Amino acid sequence: MSSELELSFRPDLDLTELMRQRAQSLQQRGGKRQDGERLLRPNETVYQLDFRKQSLKFSRWSVCIPDIARLTITATSQLWTPDLTNLMNRQLLEPAGVFWRGEKDQIVQCYEADSYEFGERIAELAKIRKVMYFLFAFGEGCNSETVNCSIIFTTDS
């Protein structure tokens, strides 16, 4: 018998601040980033997803964007250990999940094939990870306080 499991993305404010300080430090002293290093952009926040179970099958996304806006979610690979290494471009997974609301009363839209593949990839990585990190890039009209995002899986009880 299958049941649904909804996992909410949680902002990792400490890691976001650490990555912002890295970018600021480089900027202030005129330093250069490491070759291939991915610095956090001003409109991005690091989120994490904790997997309570490892055997999951992707079902669907639940994304609430309150106004006309765009949200891009990019996953990091299992090779990134934020407490030990800087984030590198090669550690960002594709495809990204892109969600938007084009009109006030419109439902949230997405690139369905990419979003489905993205969800399936997360489910695969959940088999070997207990925690995954994501970059949420907020377009104009939304931010970490106005967006609510979760992912729904099916799991065998």
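Which residues is Gln34 in contact with, leaving aside its neighbours within four places in sequence? The legends below answer this and describe other close-ups.

The model is predicted: local features need pLDDT of at least 70, side-chain atom pairs count only at pLDDT 80 or more, and totals for chains, interfaces and linings use all residues. Residues are numbered from 1 along each chain as its sequence is written, and side-chain values use heavy atoms, with hydrogens and water left out.

**View 1. Gln34 and its contacts.**
Gln34 sits in the loop between α1 (13-28) and β3 (44-50). Helices (H or I, at least four residues) and strands (E, at least two) are DSSP runs, numbered from the N terminus. Gln34 is in contact with Arg22, Asn86 and Met88, leaving aside neighbours within four places in sequence. Contact means heavy atoms within 4.5 Å. Gln34 counts as partly exposed because its relative accessibility is 41%. Buried means under 20% relative accessible area, exposed over 50%, and partly exposed in between (1.4 Å probe, protein chains only). Gln34 and Ala96 are 62 residues apart in sequence, and their C-alpha atoms are 23 Å apart in space.

**View 2. The whole chain.**
The protein has two helices and nine strands. From the N terminus, the order is β-β-α-β-β-β-β-β-α-β-β. The C-alpha trace spans about 55 × 40 × 25 Å along its principal axes. Of the 157 residues, 42% count as buried. Take the contacts between residues at least 6 apart in sequence: 80% of them join residues at least 24 apart.

**View 3. The largest nonpolar core.**
A nonpolar core is a set of buried Ala, Val, Leu, Ile, Met, Phe, Trp, Tyr and Cys residues joined through side-chain atoms within 4.5 Å. The largest one has 31 residues. Trp61, Ile122 and Phe134 have the most contacts inside it. At least two residues of this core come from each of β1 (2-8), β3, β4 (57-64), β5, α2 (112-126), β8 (131-138) and β9 (148-156). Helix α2 gives the most, with five residues. Another core, of nine residues, lies apart from this one; Leu40, Leu87, Leu92 and Tyr133 are among its members.

**View 4. Phe134 and Thr74.**
Not counting residues up to four places away in sequence, Phe134 touches Phe9, Thr45, Val46, Tyr47, Leu49, Ile73, Thr74, Ala75, Phe118 and Ile122. Thr74 belongs to strand β5. Is Thr74 buried or exposed? Thr74 counts as buried, because its relative accessibility is 16%. With the residues up to four places away again not counted, Thr74 touches Leu92, Leu93, Ala96, Phe118, Tyr133, Phe134 and Leu135.

**View 5. Ser115 in helix α2.**
Ser115 is part of helix α2. Its relative accessible area is 1%, so Ser115 is buried. Leaving aside neighbours within four places in sequence, Ser115 is in contact with Phe58, Trp61, Gly97, Val98, Phe99 and Cys110.

Where does Pro95 lie? Pro95 is in the loop between β5 (69-75) and β6 (97-101). The peptide bond from Glu94 to Pro95 is cis, with omega near 0°. Most peptide bonds are trans.
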